[in-house]
Amino acid sequence: MSPLLLVAVGFGGALGALCRSKATGFLKARTHGDFPVATLIINICSCTLAGIALAVQADLNEVLYLAATMGFLGGFSTLSTMNYEAVELVLGGKRALGAGYLAATYATTLGAAALGFAIASAVM
């Protein structure tokens, strides 16, 4: 990896993590209950953007594409938080909610990526 690419991916990752932090705070202040809505929404948004990026990849230079996907979306999406929250639900005796959260996350994020790709492909 070239030094420019490393810096671009690192900057994208830092920016994505900052945006995730702000989005999480914003969403958690507006949601209630045990279901981790904030993390789910962030992951859906991230996967939609990843689908769009994949569809337009040929039109982007490598540095921009990798800074946006590996960097920004890698920092913005939150697989580790999703796993932590699911384990916490299960350990807290809310097994059905934990399983439902995982199922909802995988179904909606795969669908969001496909939708993002389809929309961007149709527009291109």
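Student: At what angle do helix 1 and helix 2 pack, and how far apart are their axes?

Tutor: In this predicted model, helix 1 and helix 2 pack at an angle of about 135°, with their axes 9 Å apart. Axes here are lines fitted to C-alpha atoms, for helices over the stretch in contact, and angles run from 0 to 180 degrees between N-to-C directions. Helices (H or I, at least four residues) are DSSP runs, numbered from the N terminus, as are strands (E, at least two).

Student: Why is helix 1 called oblique to helix 2?

Tutor: Angles under 35 degrees count as roughly parallel, over 145 as roughly antiparallel, 65 to 115 as roughly perpendicular and the rest as oblique. The angle of about 135° therefore makes helix 1 oblique to helix 2.

Student: Which residues make the contact of helix 1 with helix 2?

Tutor: Helix 1 contributes R20, A23, T24, L27 and K28, and helix 2 contributes A38, I41 and I42, where contact means heavy atoms within 4.5 Å. By class, this contact has 5 nonpolar, 1 polar and 2 charged residues, given that Ala, Val, Leu, Ile, Met, Phe, Trp, Tyr, Cys and Pro count as nonpolar, Asp, Glu, Lys and Arg as charged, and the others, Gly among them, as polar.

Student: What makes helix 4 and helix 5 roughly antiparallel?

Tutor: The axes of helix 4 (residues 79-91) and helix 5 come within 7 Å and cross at roughly 155°; helix 4 and helix 5 are therefore roughly antiparallel to each other. Their contact is made by L79, M82, E85, A86, L89 and V90 of helix 4 together with R95, L97, G98, Y101, L102, T105 and Y106 of helix 5, and these residues divide into 9 nonpolar, 2 polar and 2 charged.

Student: How do you know that T39 is buried?

Tutor: Buried means under 20% relative accessible area, exposed over 50%, and partly exposed in between (1.4 Å probe, protein chains only). T39 has a relative accessible area of 4%, so T39 is buried. T39 lies in helix 2 and, not counting residues up to four places away in sequence, touches T78, T81, M82, E85 and Y101.

Student: Why does A104 count as partly exposed?

Tutor: A104, in helix 5, has 23% relative accessibility and therefore counts as partly exposed. Leaving aside neighbours within four places in sequence, A104 is in contact with F35 and L40; the C-alpha atoms of A104 and L40, 64 residues apart along the chain, are separated by 8.2 Å.

Student: How many aromatic pairs are there, and why is the pair of F72 and F76 called stacked?

Tutor: Rings of Phe, Tyr and Trp (its six-membered ring) pair if their centres lie within 6.5 Å; planes under 30 degrees apart count as stacked, over 60 as edge-to-face and the rest as tilted. The count comes to 2 aromatic pairs. F35 and Y101 form an edge-to-face pair, 5.4 Å centre to centre with 85° between the planes. Because F35 lies in the loop between helix 1 (3-28) and helix 2 (37-55) and Y101 in helix 5 (residues 95-123), this pair ties together parts that are 66 residues apart in sequence. The rings of F72 and F76 have their centres 5.7 Å apart and their planes at 15°, so that pair is stacked.

Student: What conventions apply to these values?

Tutor: Residues are numbered from 1 along each chain as its sequence is written, and side-chain values use heavy atoms, with hydrogens and water left out. Local features need pLDDT of at least 70 and side-chain atom pairs count only at pLDDT 80 or more, while totals for chains, interfaces and linings use all residues.
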